[in-house]
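Please consult the sequence and the structure shown below while reading.

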Amino acid sequence: MFGDYNTETISVAQPRGRPWLGSDGILLEILKSIVYGGLMEVIASLSVVASAAASDAATLSIISLALASLAGGIFVIGHNLWDLRDDCYNNSSQESNNEATTKYKEVLGQVNYFPLHVFFAILSFVVFGMVPPVAYGYSFHETNDKDFTLIVVASASLVCVSLLAIFKAYINNCTFLEYFKTVVYYITTAVSVSGVSYVAGNLITKLIEEYGFFDMNLGGGMSLFPHATISSLASV
């Protein structure tokens, strides 16, 4: 009554490679790279801007100093990333290699995705490192108010620190309370470091002005002993 039907098994092909989401996903490694490159750099860049602003430097000088520090830091973070990778292969014992690989996985992910880690870590380093100087330059250009500009820079930087701290807490599978502690810890670190830098820059500037160090002489040069005259030196 019924004809014979050939039964066919339909198989669904599994996606090749690693998934994007999940604890072993590529997205998690991208987040690790972003946090590794950006979190401490935005704090360091904020401290540079705060210190330079406290010394009454010109806006162009502040931006140039921060960007120069950022450019030099690219080579440092590149060297650190390369060292992390080399430690996974160059150790004499297999146990040391396994320890280095475990450390690399905790910080960035699987070592065979090294180019991906380098790209996002350096990109995050540059993007978040540029936030304080760019915010300072734009705000001061619009308002010409140094105090308001510093508030804008601090606010923008702390927003970036909070965002990256949340990413870090997510990577570490933190609870709600641990999320809060992580964010507060890095915000406190940023405020403390930038505050100390601001006070130090202000204090050093006052000491230099009070004791007359690095005064410019009439010929355009710089002297470490501005109060020493030719006659006083000759009498020594």
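## Ile34 and its surroundings

Beyond its neighbours within four places in sequence, Ile34 is in contact with Leu39, Phe120, Ser124, Phe128 and Leu164. The model discussed here is predicted. Ile34 is found in helix 1. Because buried means under 20% relative accessible area, Ile34, at 18%, counts as buried.

Ile34 and Leu123 are 89 residues apart in sequence, yet their C-alpha atoms are 7.8 Å apart in space.

## The largest nonpolar core

In soluble globular proteins, nonpolar side chains tend to be buried together. The largest nonpolar core of this model has 18 residues, of which Leu39, Val42, Phe128 and Val161 touch the most other members. Two or more residues come from each of helix 1 (26-54), helix 6 (146-171) and helix 7 (176-211). Helix 1 gives the most to this core, contributing 9 residues.

With neighbours within four places in sequence left aside, the contacts of Phe128 are Ile34, Gly38, Val42, Cys160 and Leu164. Another core, of 12 residues, lies apart from the largest one; among its members are Leu84, Cys88, Ala100 and Phe125.

## A nonpolar patch on the surface

Which residues form a nonpolar patch on the surface? They are Leu67, Met130 and Val134, and together they have about 220 Å² of accessible area.

Met130 lies in the loop between helix 4 (114-129) and helix 5 (131-143). Its relative accessible area is 32%, so Met130 is partly exposed, whereas Ile34 is buried.

Note on methods: Residues are numbered from 1 along each chain as its sequence is written. This is a predicted model: local features need pLDDT of at least 70, side-chain atom pairs count only at pLDDT 80 or more; totals for chains, interfaces and linings use all residues. Side-chain values use heavy atoms; hydrogens and water are left out. A nonpolar core is a set of buried Ala, Val, Leu, Ile, Met, Phe, Trp, Tyr and Cys residues joined through side-chain atoms within 4.5 Å. Buried means under 20% relative accessible area, exposed over 50%, partly exposed in between (1.4 Å probe, protein chains only). Helices (H or I, at least four residues) and strands (E, at least two) are DSSP runs, numbered from the N terminus. Contact means heavy atoms within 4.5 Å. Patches are made of residues with over 30% relative accessible area and no salt bridge: like charges are joined within 9 Å, nonpolar side chains (Val, Leu, Ile, Met, Phe, Trp, Tyr) within 5 Å. Accessible areas come from the Shrake-Rupley method with a 1.4 Å probe; for residues, only the protein chains shown count as cover. A salt bridge is a side-chain nitrogen of Lys or Arg within 4 Å of a carboxyl oxygen of Asp or Glu.
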